[in-house]
Amino acid sequence: MNKNIFIQNKIKSYKKKIDMPGDKSISIRWALLASQAIGISRAYNLPNSDDINSALNAVRKIGIKVIKKKNYCEIIGNGLNGFLFKNNTIINAGNSGTLSRLLPGLLAKSKNSIIVKGDKSLSKRDFSRIIKPLNLFGINIKSRNNKLPLKITGTDYLRPIVWNEILKSAQVKTSICLAALNTPGITKIRLVGSSRDHTERLFKYLNIPLKIKRSKNFDIIEIKGCKEYKGFNYNIPGDISSSAFFIILTALNKNSQILIKNINVNKTRTGLIDILRKMNVYIKLKNQRIINNEPIADIFVKGSQSLKAIKCPEKIVGRLIDELPILFLICSLAKGTSTFKKIGELRHKESDRLKICSNFLKMIGIKVKETKDGLKIFGNPNLKNKKFYEIKNFMKDHRIFMMSCIAALTLGGKWKIHDKNSINSSFPEFISKLKFLGAKII
Ligand code: S3P
C-alpha cells in the first residue's frame, strides 16, 4: 500500500451527508465486556480498524469465541473470568493504549499469566497509571520501568480498593471498573475531574451494580463486584473524534455544509462542539435520541465567515482531549490569541502531541508559545500557503496525519504527507471520505 499521499489543491465547497466509523472507545469496551458476559453478544457497526481488530484478537487469545460476519460481530462469553488460555500467552495490543490499559483489569482473576506487548509508539507509553491501582487489588504486574511488555498474573484473592483518580483518565477508571467486576465487595473510585463515561453507561445498561455519588467537587463511583450479566446486543454509534476532522474542515470552508449521521454526542465527548460554537461555528445537533444508553445525533455544520479565538477552560480538556490537534489548527486560522492550559496529558498520547502540533503550526507560519502543559496560538485568518510541505517524523500518529490532511486541504499549496497507514488504527476510510467530499488526493 502507498505510504505517502500528495495534496496539491484546496478542497472546493461541498454540501454532503456522510457517516463515520463506529466509536473506538465504545467498541473496545463492548468487546471486553462481551468476553465475560454469559452467552452471545452482538455488535453492529463495529469498525474494521487495527485497534478494534487487536481487541478482537485479544479476546480470541484468552479463549473466547469471536465470529465476524459482514454486518455484525458476535462474541460468545462464558461469564465472569470464564477465560481459557495457557500460561504466558502473548497478546499484541498494536497501537491501542485503551486495549493495553483495559486488558490487565479484565484479567484480574486469571491465574495464568498474560504478556501484553505493543508497537513502537505504545511501547514508549507509561503504564504506572494502571499498575498502581491494579496492584492494590492484588494483581501482579511485572514490567521494566512501567513500560510494555507487561506480565499480568491475576489472583483468586482480589480485594476491593478505594482509588483517587487524579489523572482524569477514562482508561485508568475503566481498568479499575473491570477489575472491580471480579472483586467481591465494593470498589470506590473518586474522580477529581470528568472523563468519558462509556464504561459507567455500559455497566448500568447491563444492570451491573454501579452507583455514582455526585458532590460539588468530585464524583465517587461505587461498584459491587461479582454479579454475572447476560450477553447483549449493541449498536456502536459513530465516532465523534473521527467526525472532528470533518466538522473542522467544513467550518474552515466558507460555503460548505455537512450532515454527519448517527454520532455519539455523550456530554463527556462533546467539548469540541461547545468550543467551536464559542468560536462562531454554526453547529446543530439534529434527530437527538438515546440508543443503548448513549445519546446519539446527526451533526450539522456550516462553513464559518469569521472565526474568533478562544480561551479553552481547563474544565473542558477531558471532554475534548483527542480533538486538541485539530482544534489547534482551527485556532491558528481564527482572529486573536487562543490559549490552552493544563493540557500536559497530550504529551502522553500516541506521540507527544503538544510538541508535534506546536512544531507543525510554526512550520506553516503560525506564532505559538509552548509551555510544559500549555499552548498559546496567535491566530492568522489570512494565512496562505505558497510553499511545498513534507510532513514526516510524527511517530506515525493517526490524529496528526489526519490534522495535516485537513491543513493541506484548507491552506492549499503542495503537500507530501507520510505514513498514511497510521489511519488504520482508528479510521481506515478517512481518505476515501475526503475524496467523497471532493478532495483531490493522490
Ligand atoms: C480513551 C480515553 C482517553 C483517550 C483515548 C481513549 C478511552 O485517554 O485519549 O484515545 O477509550 O478510555 P485517557 O483516558 O488516558 O485520558
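**The ligand and the spaces in the protein**

Analyst: This is a predicted model. By class, the shell around the ligand has two nonpolar, four polar and five charged residues.

User: Which residues surround the ligand?

Analyst: The ligand is surrounded by Ser 25, Arg 29, Thr 98, Arg 129, Ser 169, Ala 170, Gln 171, Arg 196, Ile 321, Asp 322 and Lys 349.

User: And which helices each supply at least two residues of that shell?

Analyst: Those are α1, which covers 24-34, and α5, which covers 170-181.

User: How much of the ligand's accessible area does the protein cover?

Analyst: The protein covers 93% of it. On its own, the ligand has 380 Å² of accessible area.

User: Where does the ligand sit?

Analyst: In the largest pocket. The volume of that pocket is about 750 Å³.

User: Which lining residues are the closest to the centre of the largest pocket?

Analyst: Lys 168, Ser 169, Ile 321, Glu 345 and Lys 349, out of 39 residues that line it. Ser 169, Ile 321 and Lys 349 also belong to the residues that surround the ligand.

User: How do the residues lining the largest pocket divide by class?

Analyst: There are 21 charged, 12 polar and six nonpolar residues in that lining.

User: New topic. How many cavities of 30 Å³ or more does the structure hold?

Analyst: One. The largest cavity has a volume of about 30 Å³.

User: What lines the largest cavity?

Analyst: Its lining is made of Arg 29, Leu 32, Leu 33, Leu 102, Thr 174, Leu 178 and Thr 199. Two or more of these residues come from each of α1 and α5. The largest share, three residues, is from α1.

User: And by class? How many are nonpolar, polar and charged?

Analyst: The lining of the largest cavity has four nonpolar, two polar and one charged residues. Arg 29 is in this lining, and Arg 29 is also one of the residues around the ligand.

Definitions and conventions: Residues numbered from 1 in each chain as written. Predicted model: local features only at pLDDT ≥ 70, side-chain atom pairs only at ≥ 80, totals over all residues. Heavy atoms only, no water. Near = heavy atom within 4 Å. Areas by Shrake-Rupley, 256 points an atom, 1.4 Å probe, with all protein chains shown as cover. 1 Å grid on protein atoms, 1.4 Å probe; cavity = no way out; pocket = protein on both sides within 12 Å on 5 of 7 lines; lining within 4 Å. Sits in = over half its atoms within 2 Å of the grid points. Helix = DSSP H or I, 4+ residues; strand = E, 2+ residues; numbered from the N terminus. Nonpolar A, V, L, I, M, F, W, Y, C, P; charged D, E, K, R; others polar. Points joined across faces, edges and corners; volume = space filled by probe spheres on them.
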